[in-house]
Amino acid sequence: MKITGGQMRGRILAAPKNLEIRPSSNKVREAIFNIIGQDLSGFRVLDLFSGTGLLGIEALSRGADRAVFVDHAKQAVALIKKNLQLCGYEHAGLICKWNLSKGLPRSTPFLNTTYDLVFLDPPYRSHLAPGLIDGLSRSGQLAPGALIVLETAKTVEARHALSLHLIKTRIYGDTKLSIFKKKEHP
């Protein structure tokens, strides 16, 4: 596992030791950043079901100011922490241990900000994405024009809230990327 772009391009990160954590492939990550852009200067990023932290760290490598990583697995939290340290991004990353099957975290410090970019990569068979997208849409945490990058199995139909519009869908093997943008004026 290595960073595909930005100032940390080529940096090798710690990988999971089991198959419970499914990092996004290099091809999928490269596609994401080719679609949303390579320069994320000033972005605030929320990485849900972050696993290894790879997507949020890719965003930091491309200039994002801050990234919040949310996962409930003990191994994932340890991997994110280790990978932030490997890149020297401990100051720019906040890890929140939370089970997203309960919805979005309700009482943590990161709730006091808005996000420009959200990565949402739930377990493919979980069916959690629609509820989390609705929750994000209602939360007031999406900045105007914010992007949500949803990674699902290719057979999943991406449903979204009225305040979002689907701007792009791509399929790579078994993975489907659906990218939504928050409407400037709902």
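This is a predicted model: local features need pLDDT of at least 70, side-chain atom pairs count only at pLDDT 80 or more; totals for chains, interfaces and linings use all residues.

User: OK, is C87 buried or exposed?
Analyst: C87 counts as buried because its relative accessible area is 4%. C96 is buried as well, at 8% relative accessibility.

User: How many disulfides are there?
Analyst: The count is zero disulfides, taking a disulfide as a pair of cysteine sulfur atoms within 2.5 Å.

User: Switching to helices. How do α1 and α2 pack?
Analyst: Helix α1 covers residues 26-36 and helix α2 covers residues 54-61; they pack at about 45 degrees with their axes 11 Å apart. Helices (H or I, at least four residues) and strands (E, at least two) are DSSP runs, numbered from the N terminus. The axes are lines fitted to C-alpha atoms, for helices over the stretch in contact, and angles run from 0 to 180 degrees between N-to-C directions.

User: What do you call that orientation of α1 and α2?
Analyst: Oblique, because of that angle. Under 35 degrees counts as roughly parallel, over 145 as roughly antiparallel, 65 to 115 as roughly perpendicular, and the rest as oblique.

User: Which residues of α1 and α2 meet?
Analyst: From α1 you get R29, I32 and F33, and they meet L54, L55, E58 and A59 of α2. Contact here means heavy atoms within 4.5 Å. The residues of that contact split into five nonpolar, no polar and two charged. For those classes, Ala, Val, Leu, Ile, Met, Phe, Trp, Tyr, Cys and Pro are nonpolar, Asp, Glu, Lys and Arg are charged, and the others, Gly among them, are polar.

User: Which residues of α1 are buried, and what covers them?
Analyst: V28, R29, A31, I32, F33 and I36 are the buried ones. Their cover includes α2, β4, β5, β6 and β7. After α1 comes G37, with a positive phi near 115 degrees.

User: And what about α4, which residues are buried there?
Analyst: In helix α4 (residues 129-139), the buried residues are A129, L132, I133, D134, G135, L136 and S137. The cover over them includes β1 (44-48), β4 (115-120), β5 (142-153), β6 (164-172) and β7. G140 follows α4, and its phi is positive, near 80 degrees.

User: β7 keeps coming up. Where is S178, and what does it touch?
Analyst: S178 sits in strand β7, residues 175-182. Leaving out residues up to four places away in sequence, S178 touches I148, V149, L150, A158, L166, K168 and T169. With a relative accessible area of 0%, S178 is buried.

User: Which loop has F49, and what's its phi?
Analyst: F49 is in the loop between β1 and α2. Its phi is positive, about 60 degrees, although F49 is not a glycine. Most residues other than glycine have a negative phi. F49 is buried, with 16% relative accessible area.

User: And H127, buried or exposed?
Analyst: H127 is exposed, at 70% relative accessible area. You'll find H127 in the loop between β4 and α4, and its phi is positive too, about 60 degrees.

How values were computed. Residues are numbered from 1 along each chain as its sequence is written. Side-chain values use heavy atoms; hydrogens and water are left out. Buried means under 20% relative accessible area, exposed over 50%, partly exposed in between (1.4 Å probe, protein chains only).
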